[in-house]
Amino acid sequence: SWATGANITVAGWMGTYGGGIPGTTKLIVGTTGNVLLAAQLAKIQFVDANGAYWTAQTLATGEVIPSTLASGNTFYAIASGNWNVNTTWSFMPGGAAVASGVFPTLSKNVVISGYTVTLTAAAACNNITLGSAACGLTMATNNLTVFGNANIVTVCPTISTTGGTIIFDGTNNSSQTITSSCATPSLGNVTLINGANIISTNGSITNISVANFTNASGSSSWINNGSTTLTVTGALAASSCSFISNGASSYDFSGATNSPITVGGLTSNSSGTINLGSKNITISNLFSYTTGTLTSTGIISMSANSTVTAKNVLTIANLQLGSSGISSTGGGALTVTTFDFNGQTSFLQTAGSISTGTINNNTGPISISYSGAPTFIYSGSGVIPSGNYYNLTTTTNTKSVTCSSTITIDGVLTNSSGTIV
């Protein structure tokens, strides 16, 4: 009899594997190809002389033969044990262990549910699925490289590490995804390499927690969709990784253990929050703000040739320009409490407005230029940078401001209060 849920493994079948040719010794169920239910057929596997497993299919005669698809592409954990030990794995859920010396490698998919798998050395896989039942991944100081996607099902896994890292490698997949029905997965340490682009796509995720976050090679990105928040609680050093928020998603870097934190880019297209807290941050490329809330009391420092694009109201406590001295705003309003030119001598303003109360510069005169029809609003007391303005508005609360060198205004000069000297 065939017990409910039991697997059938057929060894020594005499037909051609992968070719669909009937065997000389036949396994026949009924007289048609529709007697076995799909769930029953999924419990049948064939094993060839090389130890490779094959899924089953039925012919119109009722004969069951190996399909053209080898089932050895996915490893299922069948016991708690080491990653590189065969008795941890089967090619079928709950099936027989794979042959000695066989375990998942970089082109294979992995499913871990109900067991804890331990890395005793560096390991790799293609896609990884965790947690339809309580499970764990113990990494110690060893790294797991994932070349495909990560899927967390229902139950948040326990990922234990004392230095090991989950490395997402974009060599074979330019858009890797993280999906989860578990609301608060914790991934431990994460590194992106070889242009890995991670897309968090599942609306069930409310918070992905990462300890240390780095990118080691290639320009990468982490894109949050839905209402997901990515929280970094360790060091954030990702100078070539752009963080992008869409929908209602957020980023929380306020608990990072280093300052300044480094990112390649920071883009807010969501109604969520980018929370930097008191951390200083260095942005290598684009800082773009369309919607959402920025929480920052530290210094936002722009690297060489980096730009600030504000398409909505954006307030920054301290903005420090990069070595190029170029920053631009889009159609929104940028308010900077302290505008630090960081020793630079030029500044380009595009359409929109910039408001500032304090301008710092350590080396000499600042030259302003513009494109479009922007407005520069100065509410401090001191020297107005020289250069070419479109609209210039001063509101100094009855204090005096001084025009430095030559100021050209192609639009409107407005003095709300105080004296311009």
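**Entry 1: terms and model**

I began with a term: strands are DSSP runs of at least two residues, numbered from the N terminus. I noted that the model is predicted.

**Entry 2: the cavity**

I looked up how many cavities of 30 Å³ or more the structure holds, and found one. The volume of the largest cavity is about 100 Å³.

I then asked which elements give two or more residues to its lining. They are strand E11 (128-130), strand E13 (144-146), strand E14 (150-152) and strand E16 (165-169). The largest share comes from E14, with three residues.

I recorded the residues that line the largest cavity, among them Ile128, Leu130, Leu144, Val146, Ala150, Asn151, Ile152, Ile166 and Phe168. The lining also includes Leu137, Ile159 and Leu187. Sorted by class, 11 lining residues are nonpolar, one is polar and none is charged.

**Entry 3: the open sheet**

I turned to an open sheet of four strands, whose order is E32-E34-E37-E39 and whose pairing is parallel. Why is one side of E32 and of E39 left without a neighbour in the sheet? Strand E32 (346-349) and strand E39 (407-409) are at the edges and each has a single partner strand, so one side of each has no neighbour there. From one strand to the next, the twist averages 15 degrees.

I reminded myself that strands of a sheet pair through backbone hydrogen bonds, in a parallel or antiparallel manner. For Ser346, I found that the bridge partner in E34 is Ser367.

Technical notes: Residues are numbered from 1 along each chain as its sequence is written. This is a predicted model: local features need pLDDT of at least 70, side-chain atom pairs count only at pLDDT 80 or more; totals for chains, interfaces and linings use all residues. Side-chain values use heavy atoms; hydrogens and water are left out. On a 1 Å grid over the protein atoms alone, a cavity is a set of points where a 1.4 Å probe fits but cannot get out, and a pocket is an open set with protein on both sides within 12 Å along at least five of seven lines; lining residues have an atom within 4 Å of a point. Grid points are joined across faces, edges and corners, and a volume is the space filled by probe spheres set on the points. Ala, Val, Leu, Ile, Met, Phe, Trp, Tyr, Cys and Pro count as nonpolar, Asp, Glu, Lys and Arg as charged, and the others, Gly among them, as polar. Two strands pair if DSSP finds at least two bridges between them. Axes are lines fitted to C-alpha atoms, for helices over the stretch in contact, and angles run from 0 to 180 degrees between N-to-C directions.
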